[in-house]
Amino acid sequence: MNLFVIAWSMCAGACAVIGLTQFVLWLREPDRGVYLLSATMSLAAAATALVEIALMKSNEIARYGRLLQWENATVFALIVSLVWFVHLRLGSRRRWLPALITLLWCTTLVISFFFPSSIVFSEIVRLDAHATAWGESYTTAVGTLNPWVLVPNIASLLMLAYVADASVQAWRAGKRLRALLVGGSIIVFMLLGGIQAPLIDAGLLRIPYMISFAFLAIVFALAYELTDSTRRASILERQRAEALADAREAHEGFERLARASLLGELVTGIAHELNQPLAAILANAQAAKRLLAAPAPDFDELRAIVDDVVRDDKRAGEMIHRLRELLQKRASQRERFPLAALVRETADLLHAELRAHDIRLSLELGDPAWTVDADRVGLQQVVLNLLSNAIRALREAPEADRQLKLRLERRNGAVRLIVIDGGPGIAPEVLPHVFDPFYTSNMGSLGMGLAICKRIVEAQGGTIEAHNRADGGAELGVTLPMAKRNA
Amino acid sequence: MPEAKPTVFVVDDDDSLRRALERLLRAAGYAVEGFASAQAYLARARYHGPGCLLLDLAMPEIDGLELQARLVHDAEVLPIVFLSGQADIPASVRAIKLGAVDFLTKPADDDALLAAVGAALARRAEQLQGQARLAALSAREREVMYLVVQGLRNKQIAAQLGVTEKTVKVHRARVMEKTGARSLAELVRLVGGEGMGRPPGAV
């Protein structure tokens with residue numbers, strides 16, 4: 001049974017897996033050199049394990065020597081990347097030491113390929129074949145040691161000193177876990193690999209080279225660090241997600257606040273508007289009480305009071321109604337309909353009101369085929385609002401001026417509804433504010449109504465504008481896109 | 001005495017509320033005149049009788065405070081009771097500093113409203129009384145009174161008017177007697193209430 005082969009292969013596999021993982025990490029973060037260094041040393045350790053298998057199964061002196069050269073090459077890659085890994089990872093101050101170690105190993109490599117039996121032997125005398133208890137055979141070499149082998153051995157000692165020093169520095173700097181993992185695992189590796197190899201070289205230990213096995217300590221340390229950083233990354237990710245959730249919640253809170261402040265504004269405006277009729281109702285009621293206490297109450301006055309109370313109450317109610325309308329979330333439903341029919345219908349609703357105030361209505365509704373794609377109920381509200389505003393303006397006007405004109409016009413791809421009244425027009429200081437929801441003026445809640453109109457019309461992709469006519473009176477215009485044929 | 005029925009001038013741009021206030025005040029026994037704007041009130045002829053102003057704070061163009069400031073400037077000021085849509089502290093402080101009798105928040109209860117109007121009318125009555133007393137003074141007594149009010153000593157007054165100090169003392173005593181003022185402070189208040197700076201011709 002080839003236990004050695006299996007064990008060394010597994011070792012090579014472990015090293016290769018870690019090496020590839022580190023390499024992938026480096027690809028993802030190319031500016032982090034430590035990943036490339038740890039990848040190189042892990043892959044070099046894997047290669048070393050493979051060369052060691054070849055060595056123990058080799059039975060030809062020349063081949064054994066060449067394999068030793070290759071082992072020196074893989075260990076060179078391992079050591080050089082390891083020493084710079086320590087330098088970066090533990091952040092030691094001494095740069096000359098890793099540089100010296102690198103230099104020594106470069107020398108080792110050159111010398112190794114200079115001698116046929118590598119830097120280890122000047123000459124390999126013979127290869128001894130051994131048999132294990134489980135019946136596996138392996139080879140060790142016997143020969144005269146090359147004096148140059150001192151160079152890599154000195155390098156190993158320097159390496160040990162350097163790692164120990166760097167670890168102590170890192171420990172003192174507070175990077176304790178890292179000092180323990182990196183420093184500890186490398187020292188284990190150096191002790192096992194750096195002592196064992198010269199002993200085998202010298203023939204004092206007659207076992208296969210186990211440098212790659214010594215490297216397993218580093219593989220475990222790296223694997224631990226890797227999973228640990230993945231764990232930390234996942235913690236960070238969770239914290240980030242939590243922070244995002246917090247931010248979202250804060251944003252929602254802000255929106256709630258904004259809505260509340262809009263509501264607050266509404267309440268302030270509505271409170272102001274409601275106060276007038278309420279104050280009037282109170283004063284009227286208390287006046288009535290006093291009048292009723294008189295021996296001969298003035299019934300005409302009392303009747304006038306009751307009329308005013310009713311009117312004021314309706315006024316207050318209308319404001320609340322409008323407020324509700326403004327706040328209501330009504331799903332708008334689009335449909336196709338002729339605008340002329342809608343205008344005529346709406347005007348009919350106000351027929352009695354118009355007659356009661358002696359207002360003459362004239363309709364010029366153009367082509368009944370002019371259709372729009374819009375929210376019918378919403379638009380009806382708009383027309384109703386415009387008409388009731390006009391009626392209000394005309395109520396107080398001289399009888400000759402009580403004219404209300406509704407006209408539909410076609411204007412490049414759009415239909416325009418124009419509402420013209422012969423009233424006093426909109427006061428110049430009010431005109432710029434007619435569409436402001438909370439602009440309060442003597443026009444009462446007119447502002448609120450027009451603000452709703454504007455919102456509805458704009459939701460249909462239309463526009464609304466107000467101005468005074470040169471011949472007196474106000475003109476309100478609503479422009480809506482005409483429905484596309486066959487659409 | 002029906003001609004002594006005091007008049008309350010109501011200035012409010014809200015027609016309905018103004019009508020209601022007029023009714024309440026009439027029911028309480030006052031003569032009432034209503035105005036839809038500050039301009040309309042200013043256009044009215046000066047009123048010299050007993051009365052007061054019930055003034056809405058928030059009105060378009062000229063608001064209540066501005067009307068008050070104008071009236072004070074013209075020294076033609078009936079005592080004022082303010083009515084405001086909301087409890088506006090800075091405005092009420094300003095109004096009271098300029099001599100307003102009270103500052104009520106709408107809707108105002110009739111008791112509070114009539115009490116304030118009553119207080120304003122009482123102040124007006126005091127004003128009129130003082131005016132009547134001052135009117136009874138002779139030209140020389142008037143001169144002496146204004147100098148006294150300005151804080152001059154008898155000797156200084158005598159020098160300024162070219163009379164003896166004894167004459168000044170006599171005039172002064174008569175001023176106190178005719179105006180009914182019991183102290184210099186009371187006299188100052190009386191003259192101040194008249195709203196005049198110095199007598200015509202005084203140096």
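**Helix crossing and sheet in a predicted model**

Modeller: The crossing of α3(A) and α6(A) is left-handed, a term for a near helix turned anticlockwise from the far one by less than a right angle. This is a predicted model, in which local features need pLDDT of at least 70. Residues are numbered from 1 along each chain.

Colleague: Why is α3(A) called roughly antiparallel to α6(A)?

Modeller: Helix α3 (residues 61-90) and helix α6 (residues 176-201) of chain A pack at about 160°, with axes 11 Å apart. Angles run from 0 to 180 degrees between N-to-C directions, along lines fitted to C-alpha atoms over the stretch in contact. Angles over 145 degrees count as roughly antiparallel, so α3(A) is roughly antiparallel to α6(A).

Colleague: What makes A:L78 and A:R178 part of the contact?

Modeller: Contact means heavy atoms within 4.5 Å. Among the residues that make the contact are A:L78 of α3(A) and A:R178 of α6(A).

Colleague: How do the residues of this contact divide?

Modeller: They comprise eleven nonpolar, one polar and two charged. Asp, Glu, Lys and Arg count as charged, Ala, Val, Leu, Ile, Met, Phe, Trp, Tyr, Cys and Pro as nonpolar, and the others, Gly among them, as polar.

Colleague: Why do β4 and β8 of chain A stand at the edges?

Modeller: The open sheet has the order β4-β6-β7-β9-β8 (chain A). Strands pair if DSSP finds at least two bridges between them; β4 (360-364) and β8 (463-468) of chain A each have a single partner strand, so one side of each is left without a neighbour in the sheet.

Methods:
Chains lettered and ligands numbered in written order. Predicted model: local features only at pLDDT ≥ 70, side-chain atom pairs only at ≥ 80, totals over all residues. Heavy atoms only, no water. Helix = DSSP H or I, 4+ residues; strand = E, 2+ residues; numbered from the N terminus. Parallel < 35°, antiparallel > 145°, perpendicular 65-115°, else oblique.
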